[in-house]
Amino acid sequence: MTKQASSRPIVWAIAASDSGGCAGIQADLRTLNDLGTHGCSVITALTAQNTQGIQHIQPTSADNLSAQLKALSADLPPKAIKLSVIPNTEALSIIKDQLAWQNSFCVYDPVISSTSGNALVNAEVIDQLPQLYPYIDLLTPNLDEASRLSGVNIKHADDVKHAAEKLLAQGVKAVLIKGGHSDDEICQDFFSYSSSGTDGQHSFWLTNHKQANPNSRATGCTLSSAIAAFIAQGKPLQDALVLANAYVQQGLRLALSLGDDNKVGTLANAGTPETFADFPQISDTAEAVNLPAFPRCDSLNLGLYPVVDSIEWLEKLLPLGVKTIQLRVKNKTDAELDELVKRASELGHQHNARMFINDHWQLAIKHKAYGVHLGQEDLDSADLAAIREAGVHLGLSTHSEYEWARAATFKPSYLAIGAIFPTDTKEVIIVGTENLHQWVKVLSKGFPLTAIGGIKSHNLDQILSSGVGSVAVVTAITAAEDYVKATEELMARIEG
Ligand SMILES: Cc1ncc(COP(=O)(O)OP(=O)(O)O)c(N)n1
Ligand SMILES: Cc1nc(C(=O)O)sc1CCOP(=O)(O)O
Ligand SMILES: [Mg+2]
């Protein structure tokens, strides 16, 4: 991100200073700046520390803490707040009053002791923390902190879920329990939130391969600051979590050693993550990771991809040389659908084209279609293992970082990104070309990608300049005055 300071959203870091420059407010400000926000600091305590540990802690006086908050409130209001070390009960009370008044998104990393084991917070504060929870949008404890704050002895994945339930019951709106300190080959974080509506509690796991890197100081500070930065940039919470997770993995991968013995270092701040391997797998259960892959398409570039609603359209377009195509029919009887999918599948084979069937995965398996295209909601109900075992290719719709990270976890044959532009064909989220360009950088080495939604001849160049290897269209062909000319022109520009 290369934003001018004046257009940067403001984020407050309310945290302690680390004189060693690894963690604390120093890590927060580095991260906030790196991710295109303007970081303001409210220093709750001064620590004297180096790579070996903490030598001295001086909590900020109550007067000074109040004055810092007052000064910032006066003309630097935050889009988001990152909170961590609260050294004593006076500070707790001042910060609670500020959050009650402020009403900005607040992520609280409940640091109790430093990585080197030194206590940073007195025991009385820990007992009184629940007073703060109603003002906390996201709590990000590690396993030890989650155990301490919830009272649950965490040994297994079920205990993590139980601890999250207890913390939500105490009043925080969402919780991310970080498993990064576990000893396994993978590390898993668990996210859970209670929605205020009727649809109850939602949760998912974020899984990364564990990096054997000793330079892991400031992972918690960096993660919570990155979440605050992405929220301040306007990302929804689930997307902010995915991006911040990848940002920390990228920082760990690129971290450098510091100190006399070069054994401790700090995370690199390397900008918005663009390497797919840094992104987490997203799954409903802790076990549903490292899944087998769906069949691969024969090319990363699937070319022009018309999405049509009748056999007639398939018969008109396939002779023009279209090699990727979808039958998307709604509101038909079972008998009609069976006949349509059978015929579509035959046409696909006849023309040696990749024929995808939207929604009706059972019929696609039955009639041996090349592939199935499913939406995010279908991931909860479709039998994905049956599709994979039948050798049927799978394409998945995605509209955000969370959705494509979740979809990628299933290792599909391609990913669709949309809707790029507003469209009358369907009510959808508009993701825009900036996201398309960014996401293609992350995903295009691993998956064939197709862009969809509102794409026409006049805006096609904005899509093709992202490097995406396929463009899916409905009305650019079906509503064209001359569909042959439109198809041939689109094909030449996309595939040429
Ligand atoms: C190529 C392509 N991308 C996205 C969609 C949308 O699919 P889905 O989310 O399943 O929604 P419906 O098409 O069923 O309304 C698609 N069909 N094709
Ligand atoms: C079917 C569909 N799915 C979308 C998604 O974003 O998932 S956008 C879309 C409609 C595409 O139609 P047109 O080319 O006429 O804009
Ligand atoms: Mg569908």
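This is a predicted model: local features need pLDDT of at least 70, side-chain atom pairs count only at pLDDT 80 or more; totals for chains, interfaces and linings use all residues.
**Entry 1: two helices**

I started with helix α7, residues 219-232, and helix α8, residues 237-253. Two packed helices are described by the angle between their axes and the distance between the axes. For α7 and α8 I noted an angle of about 140° and axes 8 Å apart. That angle makes α7 oblique to α8, because only angles over 145 degrees count as roughly antiparallel. The crossing of α7 past α8 is right-handed.

I then looked up the residues that make this contact. On the α7 side they include Leu-223, Ala-226, Ile-227 and Phe-230. On the α8 side I found, among them, Leu-241, Ala-244, Tyr-247 and Val-248. Sorted by class, the contact has twelve nonpolar, three polar and one charged residues.

**Entry 2: the barrel**

Next I followed the strands. Eight of them form a closed barrel in the order β13-β14-β15-β16-β17-β18-β19-β20, and the pairing is parallel. On average, neighbouring strands in this sheet are turned by 25° against each other, direction ignored.

Strand β17 covers residues 393-398, strand β18 covers 414-417, and four bridges join the two. In one of the bridges, Ser-397 has Ala-416 of β18 as its partner. Helix α13, residues 401-409, packs on the sheet and touches both β17 and β18. The direction of α13 makes about 165° with that of β17.

I also checked helix α17, residues 483-495, which lies across β13 and β20. Helix α17 runs at about 140° to β13.

**Entry 3: backbone exceptions**

Most residues other than glycine have a negative phi, and most peptide bonds are trans.

- The peptide bond between Gly-418 and Ala-419 is cis, with omega about -15°. Ala-419 sits in the loop between β18 and α14.
- Asn-331 has a positive phi, near 55°. Its place is the loop between β14 and α10.
- Asp-359 has a positive phi, near 75°. This residue lies in the loop between β15 and α11.

Is Asn-331 buried or exposed? I found 6 other C-beta atoms within 10 Å, so Asn-331 is exposed, the cut-off being 12 or fewer. For Asp-359 I found 18 C-beta neighbours inside 10 Å, so this residue counts as partly exposed; a buried residue would need 20 or more.

How values were computed
Residues are numbered from 1 along each chain as its sequence is written. Chains are lettered from A and ligands numbered from 1 in the order in which they are written. Axes are lines fitted to C-alpha atoms, for helices over the stretch in contact, and angles run from 0 to 180 degrees between N-to-C directions. Angles under 35 degrees count as roughly parallel, over 145 as roughly antiparallel, 65 to 115 as roughly perpendicular and the rest as oblique. A crossing is left-handed if the near helix is turned anticlockwise from the far one by less than a right angle, and right-handed if clockwise. Two residues are in contact if their C-beta atoms, placed from the backbone, lie within 7 Å. Ala, Val, Leu, Ile, Met, Phe, Trp, Tyr, Cys and Pro count as nonpolar, Asp, Glu, Lys and Arg as charged, and the others, Gly among them, as polar. Two strands pair if DSSP finds at least two bridges between them.
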